[in-house]
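Subject: Structure for you to look at

Hello,

Here is the structure I promised to pass on. My notes follow below it.

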Amino acid sequence: MTIQETLVPKKSIANTGPKKTILIVAASLAFFVVLITVLAFIFAEIQQPKFVNRDLVMQNELLIPPLLKPQIVGEEKVFVLSAENGETVFLEGKPTKTDGYNGTYLGPTLRAHKGDHVRIVLTNNLSQPITTHWHGMHLPAIMDGGPHQEIAPGAVWEPHWTIENEAATLWYHPHLLGRTGEEVYSGLAGLFIIDDENSDSLNLPKEYGVDDLPLIVQDREFRQDDEFVYAPERKDELGHTGMLGNTILVNGTYAPFVDVPAKQIRLRILNASNARRYNFGFEDGRTFYQIATDGGLLPSPVARTCMILAPGERAEVIIDLTGETEPLTLISNAVHEENKILRFARTMINAERDENQVFKIIELRPQPTAKVTETLPQLLNSIEPLSSTSAVRKRRFILDPRNRSINGKKMDHQYVNEVVHSGDVEIWEIINLSGTFHPFHIHGVQFQIIDRRGKPPAAYELGWKDTVLVSNAEIVHVIMRFPEFSDPHTPYMYHCHILEHEDMGMMGQFIVTDEKISRGKIYIGTADSEIENYHNHAP
Ligand code: C2O
Ligand code: CU
Ligand code: CU
């Protein structure tokens, strides 16, 4: 073949070429524009929150967990609890096999005053071991009810302590190593309300079950035969988002409503779900006032229209229903994963069960009342901020660098991850490197949030916390004073409160001790290189 020969055909292509090329380019351009538009539409459509249970008729009267009356024995208030199994009817169909404390689902509300000496006599009438942890309570590690205080079937456990917490809405639930998700899901959980002189003196709604309502919010899923769905049906999901159900229960009531006096009312909301966040608000978008966080009253009420609670978190809110006659629905607005791609993937996988949906929680039905509404006190609490300069140590916790771990380690029953000197003030830096949120919970203490992504916390986070939501790519600093209780043999836990993550090992242990020997041997945590890595890749 000569050069000449090869040039000829090329010339002829060149003659008709531009038109064809333009056509092809134009056609493929048009194709891509259409494709991208369609994809963008699908992307947006999938992410569009849907009001998934808009048509649900709220027709079941809200169950209120009974207040458990303590026996007074000498100086002590003795609460008698037993874990039992049984059957509970939630839907109209068949009963569901469940567990509960002193009943078949959930447990009674324990209530005590700061300074009280309390003792719990807890019998495990189940056929499997449990523990019972007092979430948010300031108490010795041996009384804490973590994985080390196992209660065998038939055994009785008698923890006792003096209430040191200030007025707050705390709770209790099992904490068995690797089995917490399953045991809480089956129904084992209850509230522990603390009062103190300050809360006694405040003019807030405080008639339990009347204008001061506990709302234990959980999501569950039912099989065809009305039994609960849990592992192994959801094995893949459990490892990722944790267990998400498509049915909301409040205090174990399906499709609940509650009659309330048409005045100011108080809701004590506990997110006792295994893995779901809620973004609480009212259907009409009205303002409500948050008055408390996990560990006590806020300095003053904070006006809000929506409020995200992660698993384990509590909040108390006041709503003014003075003069109202129309029912009002508490809903959960969409909660979004901050990263758009992750949000998309999550919504694709979980569909109607995802957090990115709107759904009803409970209907409030105001009833005429002779009681007058008090004005909401503007000064609720005085909280002395722990100053960063008083911290003697800073520890770093990297959430989930790989497969449900903290600082690259999974929970090991025999391994103490951290040793803390009793009474010390420390700053804990919590870094979320993973693609999803993790609510970080620390036992035995209440902490203050110093900052989130370098910014000071919002007004509604200026209270005591024991569980803090750490979103994807977020760094949160918290500060706390550790308990004076010294026990070199029994650890407290810190962990992700998505119960499936916890069960997969996203948990660590710390010892609080005043023994000098351990001070030099403090386990510092993850290598700095991982932190460097993080800074280099952070958006
Ligand atoms: Cu509510 Cu260690 O947990
Ligand atoms: Cu706890
Ligand atoms: Cu987690």
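I start with a charged pair: Glu418 and Arg395 form a salt bridge, with their closest N and O atoms 2.9 Å apart. The bridge links distant parts of the chain, as Glu418 belongs to strand β25 and Arg395 to strand β24, 23 residues apart. Glu418 and Arg395 are both buried. Please keep in mind throughout that this is a predicted model.

Opposite Val419 stands Ile511 of β32.

Other salt bridges

The structure holds 31 salt bridges. Arg266 takes part in a bridge with Asp212, at 3.9 Å from N to O. Arg266 lies in strand β16 (residues 264–271) and Asp212 in strand β12 (residues 212–220), so this pair ties together parts that are 54 residues apart in sequence. Arg266 also forms a salt bridge with Glu316, where the closest N and O atoms are 2.8 Å apart. Here the link is between strand β16, which holds Arg266, and strand β21 (residues 314–320), which holds Glu316, 50 residues apart. Asp212 is buried, as is Arg266, and Glu316 is buried too. Elsewhere, a network of salt bridges links Asp294, Glu313, Arg314, Lys465 and Asp466.

Copper sites

Which residues coordinate the copper ion (ligand 2)? The donors are NE2 of His133 and NE2 of His441, at 1.8 to 1.9 Å. The two histidines come from distant parts of the chain: His133 is in strand β7 (residues 133–135) and His441 in strand β27 (residues 438–442), 308 residues apart. Both count as buried because the cut-off is under 20% relative accessible area: His133 has 1% and His441 has 0%.

The copper ion (ligand 3) is coordinated by ND1 of His438, SG of Cys496 and ND1 of His501, at 2.0 to 2.1 Å. The spacing of these donor residues in sequence is H-x57-C-x4-H. His438 is in strand β27 and Cys496 in strand β31 (residues 492–496), so the two tie together parts 58 residues apart in sequence. His438 is buried, at 0% relative accessible area, and Cys496 is buried at 2%.

Aromatic pairs

A search of the whole structure gives 28 aromatic pairs. In one of them, Phe90 and Tyr105, the ring centres are 4.9 Å apart and the planes meet at 85°, so the pair is edge-to-face. Phe90 lies in the loop between β3 (76–88) and β4 (96–101), and Tyr105 in the loop between β4 and β5 (110–113). Phe90 and Tyr105 are both buried. Phe397 and Tyr494 make an edge-to-face pair, with 4.9 Å between centres and 65° between planes. Phe397 sits in strand β24 (residues 393–399) and Tyr494 in strand β31, 97 residues apart, and both are buried. One aromatic cluster is formed by Phe79, Tyr101, Trp134, Trp157, Trp161, Tyr172 and Phe192.

Surface

A nonpolar surface patch of about 880 Å² has Phe31, Phe32, Val34, Leu35 and Ile36 among its members. Ile36 is found in helix α1 (residues 3–47) and is exposed, with a relative accessible area of 55%.

Regards

Methods: Residues numbered from 1 in each chain as written. Chains lettered and ligands numbered in written order. Predicted model: local features only at pLDDT ≥ 70, side-chain atom pairs only at ≥ 80, totals over all residues. Heavy atoms only, no water. Donors = N, O, S within 2.8 Å, 3.2 Å for Na, K, Ca; no water. Helix = DSSP H or I, 4+ residues; strand = E, 2+ residues; numbered from the N terminus. Buried < 20%, exposed > 50% of the residue type's maximum accessible area, 1.4 Å probe, protein only. Pairing = 2+ DSSP bridges. Patch = residues over 30% accessible without salt bridge, like charges linked within 9 Å, V, L, I, M, F, W, Y side chains within 5 Å. Areas by Shrake-Rupley, 256 points an atom, 1.4 Å probe, with all protein chains shown as cover. Salt bridge = Lys/Arg side-chain N within 4 Å of Asp/Glu carboxyl O. Phe/Tyr/Trp six-rings, centres within 6.5 Å; stacked < 30°, edge-to-face > 60°.
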